[in-house]
Amino acid sequence: MMKISLFDRSIRLILSLVGFPLLIIQYLITVYEQKKHKPTGWHADIGSRKLHVTVTGHGSPTIILEAGMGGCSLDWVLVAPALSTKANVITYDRAGFGWSEAVLDLPTCSAYVDDLRSLLRTLGAAPPYLLVGHSYGGMIMRLFASRYPEEVCGLVLVDATHESRYLPEQTTAGRQKQLFSHRSQYRLGYMLAPLGIPRWLKQHIGSKRLPEEWLAPVRALGYKASAYRAVYAELLSTTESSLQLKAAEPLKQDLPVIVLSAGKQNEEWQQGQRKLTNLTKRTNQIIVEDSWHSIHIHRPDAVIHAINRLLDEIDLSSYR
């Protein structure tokens, strides 16, 4: 199990001390931007830490929207309002991202499921849950559905990652090279973020394609040193997360699942999408031919349609 090494943490500390004036500037700008961009929701105390959460709408089931790697609750601003007219909708920021602060040392899918479970108890959000996860967030939602099968009534995987993508024995040499590049990039960002270097390079954590009114707070939140620490730790933990998915109990075979796949992805990614179609006997794949990876941003209507389709299929009487 990998976590941020003592060597990396030491280098980060040394750089922060050497560049102390830049550290102060970054801190002051971060404080200013946090006052400028107020949270869209509130901070729920789950015991070990506080998570930023937004709850809209009412009714059953409860729809939970999980962002991809490095993402936050704002990723769903083009989807959540339409869903809130029909159900209770929860968006939240995982530890270290968005307006949530404390970063997990080992942010695996299992740890995130534990946090989400605690959050739902704190909110008093009763099942059944309709889970929606984008990319890496799809792995988290799958593990939640595996652990709590009697509470989950449906699953929508928005161009979700298949666990084989992070298992060394199942990845190609090209994919290994890509992972090494991503780790190097996030490692460098982790070390330099306290000095505000990513800010000057205009390299923030999180979405790059939202409308400007939402992209401004995403940028502000994505320049925080805690965001870079969180995403670096998240990436380092992906192999362990994939092993957790591999070892998890199969999903209930009567669970309705929609695999929503982006048509503009490469063949290697599409192979992973096809693997997801075998999750249950009620799994259907929908390919959004004109969309890139972030379907909920490129084609939010397709995501809304897929979720509404499941809402029409679900028999809520069996969960009462």
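Mentor: Helices are DSSP runs of H or I with at least four residues, strands are runs of E with at least two, and both are numbered from the N terminus. By that count α2 is the helix that gives the largest share, three residues, to the lining of the second largest cavity. This is a predicted model, in which local features need pLDDT of at least 70 and side-chain atom pairs count only at pLDDT 80 or more, while totals for chains, interfaces and linings use all residues. Residues are numbered from 1 along each chain as its sequence is written, and side-chain values use heavy atoms, with hydrogens and water left out.

Trainee: What makes a space in this structure a cavity, and how many of 30 Å³ or more are there?

Mentor: On a 1 Å grid over the protein atoms alone, a cavity is a set of points where a 1.4 Å probe fits but cannot get out, and two such spaces of 30 Å³ or more are found here.

Trainee: Which residues line the largest cavity?

Mentor: Lining residues have an atom within 4 Å of a grid point, and for the largest cavity they include G70, C72, F97, I205, V218 and L221. Helix α8, residues 212-222, gives the most to this lining, with three residues.

Trainee: How do you know how many residues of that lining are nonpolar, polar or charged?

Mentor: Ala, Val, Leu, Ile, Met, Phe, Trp, Tyr, Cys and Pro count as nonpolar, Asp, Glu, Lys and Arg as charged, and the others, Gly among them, as polar. Sorted in this way, the lining of the largest cavity has six nonpolar, five polar and no charged residues. The lining of the second largest cavity, which includes E33 and K224, divides into three nonpolar, three polar and two charged.

Trainee: Why is α4 called roughly perpendicular to α5?

Mentor: The axes of α4 (109-123) and α5 (136-147) come within 9 Å and cross at roughly 65°, where axes are lines fitted to C-alpha atoms over the stretch in contact, and angles run from 0 to 180 degrees between N-to-C directions. Angles of 65 to 115 degrees count as roughly perpendicular, and therefore α4 is roughly perpendicular to α5.

Trainee: Which residues of α4 and α5 meet?

Mentor: Contact means heavy atoms within 4.5 Å, and among the residues that meet are Y112, L116 and L120 in α4 and M139, L143 and F144 in α5. By class, this contact of α4 with α5 has eleven nonpolar, one polar and three charged residues.

Terms used: On a 1 Å grid over the protein atoms alone, a cavity is a set of points where a 1.4 Å probe fits but cannot get out, and a pocket is an open set with protein on both sides within 12 Å along at least five of seven lines; lining residues have an atom within 4 Å of a point. Grid points are joined across faces, edges and corners, and a volume is the space filled by probe spheres set on the points. Angles under 35 degrees count as roughly parallel, over 145 as roughly antiparallel, 65 to 115 as roughly perpendicular and the rest as oblique.
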